[in-house]
Amino acid sequence: MRRRFGQHFLVDETVVARIIQAIDPQPGDRIVEIGPGKGALTIPLLDITGQLDVVEVDRDLAGDLVERCRDTGRLNLLRQDALKLDFAAFSSPRLKVVGNLPYNISTPLLFHLLRFEHISVMVFMLQKEVVDRLCAHPDTPEYGRLSVMVQARCRADKLFDVGAAAFKPRPKVDSAMVRLTVLPRETYRIRDYDQFTDLVRTAFSSRRKKISNGLKPWFTAAQLEQLDISPSARPAELSITDYINLSNSVNLGHP
């Protein structure tokens, strides 16, 4: 394992087959794979689509992958940090982004990807507890900032768990597959995404406090009541729609 990149390589062929089925690659699809590693997903994806974009920061792994895929299809390899990559450069109206994400960058990478509206579907293997947070419902222990930010933009579906035995070397945690289907802009209705991001971050920075205390920079208790939100509610009790309405209301004359 390249410890500096937090990599555990998928070796279970049955799991690989299930992931490929979940991605549902079609000939001609524009797919970006993040962290291809030794190519467990890369080679079958490339075999189906004929072309594939991969992002791999590890120089040694990148070189090996190019050689292994030379006769399979057209592999476009970008050796750079996915957190800094401009995904708008992939010119496709419906882009799929897939991969087995390193645990240490999964959350910031998800926040980065949510900013690109031409991405249509993301299928990722993540730490199981991260997937549980992505798919959590309000008023549950797992529900938090990550749940709100992702579900405001996507339909989040947990697909299946993946045990540590599917990897080499074995990680100390279990993993799970998730599909994030990006919603059309007219569906999620967020007027100012930066403002929405700031508001949700502020609310959950004081998770145990009343929402009226956490959102004092934006709203008074009376204004929250006008929006049908109890000032005494905790951040985890508010729905995705509540947070979208709060963010949009800032633009309508609230502080």
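Analyst: Start with Ser-247, which sits in helix α11 (residues 240-250). Helices (H or I, at least four residues) and strands (E, at least two) are DSSP runs, numbered from the N terminus. This is a predicted model: local features need pLDDT of at least 70, side-chain atom pairs count only at pLDDT 80 or more, and totals for chains, interfaces and linings use all residues. Residues are numbered from 1 along each chain as its sequence is written, and side-chain values use heavy atoms, with hydrogens and water left out.

User: Is Ser-247 buried or exposed?

Analyst: Buried means under 20% relative accessible area, exposed over 50%, and partly exposed in between (1.4 Å probe, protein chains only). Ser-247 has a relative accessible area of 0%, so Ser-247 is buried.

User: Which residues is Ser-247 in contact with?

Analyst: Contact means heavy atoms within 4.5 Å. Leaving aside neighbours within four places in sequence, the partners of Ser-247 are Asp-192, Gln-195, Phe-196 and Leu-199.

User: What does Ala-22 touch?

Analyst: Ala-22 belongs to α1 and counts as buried, at 11% relative accessibility. Not counting residues up to four places away in sequence, Ala-22 touches Val-123, Leu-159 and Arg-179. Ala-22 and Lys-96 are 74 residues apart in sequence and 12 Å apart in space, C-alpha to C-alpha.

User: Which residues of α3 are buried?

Analyst: In α3 (residues 59-68) they are Leu-61, Ala-62 and Leu-65. Their arc is only 100° around the axis, which puts them on the same side of α3. Arg-59 and Glu-67 are exposed on the other side. The cover over the buried residues of α3 includes β1 (9-10), α2 (42-49), β3 (51-55) and β4 (74-78).

User: Next, the backbone. Which residues other than glycine have a positive phi, and where do they lie?

Analyst: Two cases are worth a look. Asp-24 has a positive phi of about 55°. Asp-24 lies in the loop between α1 and β2 (31-34) and is partly exposed, at 43% relative accessibility. Asp-139 has phi near 65°. The loop between α5 (128-134) and α6 (145-151) holds Asp-139, which is exposed at 57%.

User: Which peptide bond is cis?

Analyst: Read omega. The bond from Lys-168 to Pro-169 is cis, with omega near -10°. Pro-169 is placed in the loop between β8 (167-168) and β9 (175-182).

User: Finally, the whole chain. What radius of gyration does the protein have?

Analyst: The radius is taken over C-alpha atoms; the globule rule is 2.2 Å times the number of residues to the power 0.38. For 255 residues, a compact globule would have a radius near 18 Å; the protein has 20 Å, which agrees. The C-alpha trace spans about 65 × 40 × 30 Å along its principal axes. The protein has 11 helices and nine strands, and buried residues make up 51% of its 255 residues.

Definitions and conventions. The arc is that of the directions from the helix axis to the C-beta atoms.
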